[in-house]
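Work through the exercises below with the structure in view. Each task is followed by its solution in steps.

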Amino acid sequence: MKNMEQDFEKILNKLVASTRSPRGKFSKANSWILLEKRLPRLQRRILSLRTMASAAAVAVLCVLGWWAYYMFAPVPLQTVSTLAETRSITLPDQTEIVLNRYSTLTYPERFRGKDRKVQLQGEAYFEVSKDAAHPFKVEAEAVIVQVLGTHFNIEAYPEDAQVKTTLLEGSVAVSLIGKEEESLVLSPNESAIYNKDKKSLTLHTEKDASEEIAWRNGTLLFKSIPLQEIVRQLSNAFHTDIRIEDTDLQNYHMTATFSDGETLEEILSLLCRNQKFGYTKTNDTITITQKLN
């Protein structure tokens, strides 16, 4: 635009000079003719500049519009659910997750904003891709787990009385949603257990946290734990209602290991063998009862 103004100024200077010709070689009428001859070229230049400016403005608006859409449009969510199998998932940030049986994970098609947030129902093992600028957060019912890059396990089945987060490597902060400032910071071989009835979060030390993720290979590992806990894990693993009729059996401790492929009936038969309890099945419910002497 500055060059265009300078050209126009030169034309006007010529016209002014022409009116001062002693011989009248350039009369006022001739000066207007000169101006009219020069104007079309000038107008074409102005039109060309205006067209270029308009095109540039449209391009800028298109870029800004695309950016605004990308930044503020809702991000589609992906939901992955499992049935009687485990499943491996790779998130957009390259975080690796193994989802246990009858579990559901919901996550965005792409992570945007300051956090990388997912929702879990059931159980999953996480190996989080490190990104200090964008903390990774897992919401599991009333619990939120925040990490930067680490390995941990979360067990949060809806039917269970608790939500358990166990750390294997790195560091995580576990808190209740809306109370992030009151978090428990875990070290390896520690668990944070949320009691749904009491709405409390407590810290526990594990002898060997790796036992918490034996399920990734299809293994059910019961190492000197109460029958009540065994029943809970079997109920989740096979999505079946299993009940203990006699309360005296709930704290009966057992040790056993079962591999992938064994059915629930096979597992229960082995557990009941040479023990003081047995089981019955009515419709879709299994009941464990004491054997009569």
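Predicted model: local features only at pLDDT ≥ 70, side-chain atom pairs only at ≥ 80, totals over all residues.

Residues are numbered from 1 along each chain as its sequence is written, and side-chain values use heavy atoms, with hydrogens and water left out.

**Exercise 1.** State how many helices and strands the protein has, and what share of its residues is buried.

Solution. Helices (H or I, at least four residues) and strands (E, at least two) are DSSP runs, numbered from the N terminus. The protein has four helices and 18 strands. Buried means under 20% relative accessible area, exposed over 50%, and partly exposed in between (1.4 Å probe, protein chains only). Of the 293 residues, 36% are buried.

**Exercise 2.** Find the buried residues of helix α4 and say how they are arranged around its axis.

Solution. Helix α4 covers residues 264-272, and its buried residues are Leu 264, Ile 267, Leu 268, Leu 271 and Cys 272. Viewed down the axis of α4, these residues fall within an arc of 125 degrees, so they line one face of the helix. The arc is taken from the directions from the helix axis to the C-beta atoms. Among the elements that they pack against are α3 (227-238) and β17 (277-282). Just after α4, Asn 274 has a positive phi of about 60 degrees.

**Exercise 3.** Decide whether Asn 100 is buried or exposed, and list its contacts beyond its sequence neighbours.

Solution. Asn 100 is in the loop between β3 (96-99) and β4 (104-108). Its relative accessible area is 9%, so Asn 100 is buried. Contact means heavy atoms within 4.5 Å. Leaving aside neighbours within four places in sequence, Asn 100 contacts Thr 82, Glu 85, Thr 86, Glu 123, Tyr 157 and Trp 215.

**Exercise 4.** Classify the ring pair of Phe 111 and Phe 136.

Solution. Rings of Phe, Tyr and Trp (its six-membered ring) pair if their centres lie within 6.5 Å; planes under 30 degrees apart count as stacked, over 60 as edge-to-face and the rest as tilted. The centres of Phe 111 and Phe 136 are 6.4 Å apart and their planes stand at 70 degrees, so the pair is edge-to-face. Phe 111 lies in the loop between β4 and β5 (116-127) and Phe 136 in strand β6, so the pair ties together parts 25 residues apart in sequence. Phe 136 is buried, at 0% relative accessible area.
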